[in-house]
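Work through the exercises below with the sequence and the model open beside you. Try each task before reading its solution.

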Amino acid sequence: MNILIQGGRVIDPTQDWDEITDLYVSNGEIVARDQAPEGFVVEEVIDASGQVVCPGLIDLCTHLREPGLTQKGTIASETAAAAAGGITTLIVTPNTQPLVETAAVAELIQDRAADIGLARVLPMGALTRGLEGEQLAPLHGLASSGCIAFTNMRHSINSSQTLLRCLEYAATHDLLVVFQAQDNDLVASGCMHDDTTSTRLGLNGIPEAAETIEVSRCLLLVEQTGVRAHFGQLSCERAVQMVAAARERGLSVSADVAIQNLLLTDENVNGFNAAYHLQPPLRSQLDRAGLRQGLVTGTLSAICSDHQPHDPIAKQAPFAATEPGMSGLETLLPLSLSLVEQQLLALPQLIEALTAAPARILGIEAGTLNIGSQADICIFDPDAEWTVNVDSLRSAGKNTPFLGQTLKGRVNATLMDGRIVFRR
Amino acid sequence: MFEANDPNALQLTTDGQLRHFLTTEGLPRELLVEILDTADSFVDMSQQQVKKVPLLRGKTVVNLFFEASTRTLSTFELAAKRLSADVLNLNISTSSTKKGETLKDTLMTLEAMHSDMFVVRHADSGAAHFIAQHVTPHVAVINAGDGRHAHPTQAMLDMLTIRRHKGDFAPLKVAIVGDILHSRVARSQIHALRTLGVDEIRVIAPKTLLPRHIEALGVKVYTDMATGLRDVDVIMMLRLQKERMQSALLPSEAEFYKLYGLNRDKLAYAKPDAVVMHPGPINRGVEIESEVADGPRSLILDQVTNGIAVRMAVMSKAMSGQLAQRGALAEAEEQA
């Protein structure tokens, strides 16, 4: 299929492009910009005037619920949500049932996603068997079956000796380890940030130290082993500072942040609205400011959705008894655009954080519109407003605190591998 | 765009009447005073031959206790009966919710039986809010204790007890002593005392039993009894659960009693006419010495008596607010 994307504002931070021009797509590739290549017969035109054309978004953290938890979402429903959100690559966590700890499950997820064909799905494998923090998972085999990175998620590896061996083994095979740093001993039965709001509501708090102690331990062991490492969804200012200091010492570690932690704080939990029950928790205003600063300085190079769709029952209980997480694929872009509106980032910088930066962290060739690259493209109207509601969300998870709110910025078309996978 | 929601909109009708009683936090002073005034009249009534009034005649009150309690449950039951309501007591142990029936299912079943009021005790903070907001918004919900969050009727009976003995709140210095961290009673007391305008609220406890940033609630923090009790008019003791010893919060009951247990020596730090309160049940020799608990300055039994009156006041107010709201809704629907 030969597609002409006509008259859009084409932004690609990897090429320093920000201009109104045309893009030509053929056979899954971006084949030309501005001028049609010789012999190009246009079969489909996408009018992108007044819209932004950028690389398809890459989301570093999505919980895909298939296999095993399909009441919360399926690969079909969630990749459809991704396409509607302009996201063309999903990095998915290993906490399916069964877990991504065997080649069979890793391959099943990728095969299902490829059959459906709405988004690229790259699974992360479990770092330890059963995520139990005791025995190494078969990292090399999983990597051969397409696992892009390895994580123990928020399940503690209590023994530092075991963690050290996991990192040494991953380093042996040059595998990327993703930390969702959390000391569960300090989390105990906590369900929100430990501060005045938790004190008032009588909800058990998760102290900042639950994150910083684990970040500190991981950084020291990363330094010792030289493993490729990334910190996912940091939630507090001090953790950002610790990663920044390590990078200054020359350690090559990266970090990302979930969009909701850049916008909301623990005060949103007032009134016990379980939609704000998130993990990592929403933290203080100071933390939010620190995360925003980290984004500006580049310590936090990528923004992710931390998409965790749930069935309605999961959120219908008293706050602490509900399951944490929010559905976020379709709000990732509009919520991120509010950072541009608030003049925290320029639009090309924001697009970098949603495309090229995550590609760099993962070491994959994606997140660019360069001629010859795969045609993963997001076309959005930065000014169009829409209301988040149960009907407007394609995700099976309607669990978002932004329900009922009107957001600015809406995806009009998404191309993956040169095919139109979403068009409004 | 991303504002925190108003936690108090839920418990008031559009014209400011009580329709659920979930927390003392954020309620206007006039409303708290109204509850105390109404309760006062019920205290007087309880000394008469006929103790019943027909305020809740024909209404069904369900006491839903997901946590064991004898004292609170029985005072709620008595209060409802003195208001002429039909009363159903349900002790729902946590095991029955493990059978797969969710809290929501349980409540919707009870709502289908045309209950008018739920009195709810639950181990999770926010349980009463959850029920009032998402499960049965047309049933008046009275919070009889949710997790560590709130126990508003206990706080109001404490306020009534203080007012009946001290009159004016304004000049009072009040100390709350013991396990503040796990205490829903302390949180509700602090909000009520602040709204009623006492001079000073103090909390006294070791740091392991104090929540972070408790000062933000408007209290002064003390870690020793000698300075904390100085010049205090009212001492409110809290119950200490035995399991706190197992979780490295305290070394032993004996050490806690030595440092924070209220005995005659420590009582001498307070004003000579200081009164002593305790929500019960008492651990004698852990939080309080028997001689103090049973002594002339103890108001512990008054608290129990006042508890019935306060619960009658809150139940009758919430019911009339809830009925008014339902009426307004029906009218609006008719017009539409």
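## Exercise 1: The domains of chain B

The domain assignment of chain B, whose bounds come from an automatic or database domain assignment, gives domain 1 (9–150 + 304–335) and domain 2 (152–299). Residues are numbered from 1 along each chain as its sequence is written, while chains are lettered from A and ligands numbered from 1 in the order in which they are written. This is a predicted model, in which local features need pLDDT of at least 70 and side-chain atom pairs count only at pLDDT 80 or more, whereas totals for chains, interfaces and linings use all residues.

Task: describe how far apart the centres of domain 1 and domain 2 of chain B lie, and which elements supply the side of domain 1 of chain B that touches domain 2 of chain B.

Solution. Step one is the distance: the C-alpha centres of the two domains of chain B are 27 Å apart. Step two is the contact, where two residues are in contact if their C-beta atoms, placed from the backbone, lie within 7 Å; 27 residues of domain 1 of chain B and 20 residues of domain 2 of chain B take part. Step three names the elements, remembering that helices (H or I, at least four residues) and strands (E, at least two) are DSSP runs, numbered from the N terminus. On the side of domain 1 of chain B that touches domain 2 of chain B, at least two residues each come from α1 (29–46), β4 (140–146) and α12 (300–335) of chain B, and α12(B) gives the most, with 6 residues. Step four sorts that side by class: it has 13 nonpolar, 8 polar and 6 charged residues, where Ala, Val, Leu, Ile, Met, Phe, Trp, Tyr, Cys and Pro count as nonpolar, Asp, Glu, Lys and Arg as charged, and the others, Gly among them, as polar.

## Exercise 2: A helix and a loop residue

Task: find which residues of α5(B) are buried, and decide whether Ala85(B) is buried or exposed.

Solution. Begin with the term: a residue is buried if 20 or more other C-beta atoms lie within 10 Å of its own, exposed if 12 or fewer, and partly exposed in between, with C-beta atoms placed from the backbone. Helix α5 (residues 127–135) of chain B is mostly covered, since 7 of its 9 residues are buried; these are Ala127(B), Ala128(B), His129(B), Phe130(B), Ile131(B), Ala132(B) and Val135(B). They pack against α4 (103–112), β3 (117–122) and β4 of chain B.

Now turn to Ala85(B), which sits in the loop between α2 (71–82) and β2 (86–91) of chain B. Ala85(B) is buried because 24 other C-beta atoms lie within 10 Å. Leaving aside neighbours within four places in sequence, Ala85(B) is in contact with Leu56(B), Lys59(B), Thr60(B), Val61(B) and Ala80(B). Of these, Val61(B) is 24 residues away from Ala85(B) along the chain, yet their C-alpha atoms are separated by 6.5 Å.

## Exercise 3: Strand pairing in chain A

Task: work out in which sense, parallel or antiparallel, β16(A) pairs with β17(A).

Solution. Two strands pair if DSSP finds at least two bridges between them. Strand β16 (residues 377–387) of chain A and strand β17 (residues 406–416) of chain A pair in the antiparallel sense over 8 bridges, and in this pairing Cys378(A) stands opposite Thr414(A) in β17(A). Strand β5 (residues 52–55) of chain A also pairs with β16(A) in the antiparallel sense, over 4 bridges, with Phe380(A) as the bridge partner of Val52(A).

## Exercise 4: Whole chains

Task: for chain A and then chain B, state how many helices and strands there are and what the radius of gyration is.

Solution. Chain A comes to 13 helices and 18 strands, and 60% of its 424 residues count as buried.

Chain B has 12 helices and 9 strands. Its radius of gyration is 20 Å, close to the 20 Å that the rule gives for 336 residues, so chain B is as compact as a globular protein of that length. Of the 336 residues of chain B, 48% count as buried.

Key: Rg over C-alpha atoms; globule rule 2.2 N^0.38 Å.
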